[in-house]
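Trainee: I've just opened this one and I'm a bit lost. Could you walk me through how to read it?

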Amino acid sequence: MAVTLEAKKRSEFRHSSLTKIRHEGNIPAVVYGQKVESTPIYLSESDFIKTIKEVGRNGVFSLNVDGKKHEVMLTEYQTNSLRNNIVHVDFLAVDMSKEITAEVRVNLVGDAQGVKDGGVMQQSLHEVSVTATPNEIPSSVDVDVTDLQVNETITVADLKTSGSYSLNNDAEEVIASILPPKQEEEINSGEQQEEGTPEQEEGRETESE
């Protein structure tokens, strides 16, 4: 592959060792696969971010571990929200000729007519499961919502795929819908009551003269 990410094996697994790796700007990681023994590694965080930006979340690239290259995909990563950094990464070594299953992000594209009419867009499904050979896994699946009206929905069955991959989700699963505008409850009707004597005075308390 044109894109190569450098990594090194790690032999220390103590907490202090992992902390040192992260303080030096690296990420502890693991590479594994059907024909690859699970191997603990570490790599530069900045190089990792650059690589994923270049190939995409589901892209395939070469991982060079101490001179041995593997064609890999990113399967999972963990972040520290307080420090805003990546703390661990998992890579899957893939066979380019065999199909795999991956989770792919769903992007809603276009300005829905129902939203323009006052409705509220609700996205129920943010990822779909697809099966394809590694180089055919899309980075995302775009869903055009331009013509979506209030009280209408888009389901997995409405998705148009390129034919290079198949969808695994239930066809009836809802991706997005337009909810009707919220009706505010009127606490005060605003109607003025006419002055006068009530139609039924019976049972009402009156001041004695």
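**Reading the model**

Mentor: Contact here means heavy atoms within 4.5 Å. This is a predicted model, where local features need pLDDT of at least 70 and side-chain atom pairs count only at pLDDT 80 or more, while totals for chains, interfaces and linings use all residues. Residues are numbered from 1 along each chain as its sequence is written, and side-chain values use heavy atoms, with hydrogens and water left out.

Trainee: Which residues have the most contacts inside the largest nonpolar core?

Mentor: A nonpolar core is a set of buried Ala, Val, Leu, Ile, Met, Phe, Trp, Tyr and Cys residues joined through side-chain atoms within 4.5 Å. Buried means under 20% relative accessible area, exposed over 50%, and partly exposed in between (1.4 Å probe, protein chains only). Here the largest core has 24 residues, and V128, I137, V143 and I175 have the most contacts inside it. Two or more residues each come from strand 7 (100-109), strand 9 (127-132), strand 10 (140-144) and strand 13 (174-179). Strand 7 gives the most, with four residues. There is also a second, separate core of 20 residues, which includes V31, V65, I86 and V89.

Trainee: And in what order do the six strands of the barrel close?

Mentor: Strands of a sheet pair through backbone hydrogen bonds, either parallel or antiparallel. Helices (H or I, at least four residues) and strands (E, at least two) are DSSP runs, numbered from the N terminus, and two strands pair if DSSP finds at least two bridges between them. In this model the barrel order is 1-3-2-6-5-4, with mixed pairing. From one strand to the next, the twist averages 45°. Strand 2 (residues 26-33) and strand 6 (residues 85-93) pair in the parallel sense over five bridges, and G33 stands opposite A93 in strand 6.

Trainee: Where does helix 1 lie?

Mentor: For angles, axes are lines fitted to C-alpha atoms, for helices over the stretch in contact, and angles run from 0 to 180 degrees between N-to-C directions. Helix 1 (residues 15-23) lies across strand 2, strand 3 (36-44) and strand 6, at about 110° to strand 2.

Trainee: How many salt bridges does a search of the whole structure find?

Mentor: A salt bridge is a side-chain nitrogen of Lys or Arg within 4 Å of a carboxyl oxygen of Asp or Glu. The search finds two. E12 pairs with R14, their closest N and O atoms 3.6 Å apart, and E24 meets K20 at 2.6 Å, N to O.
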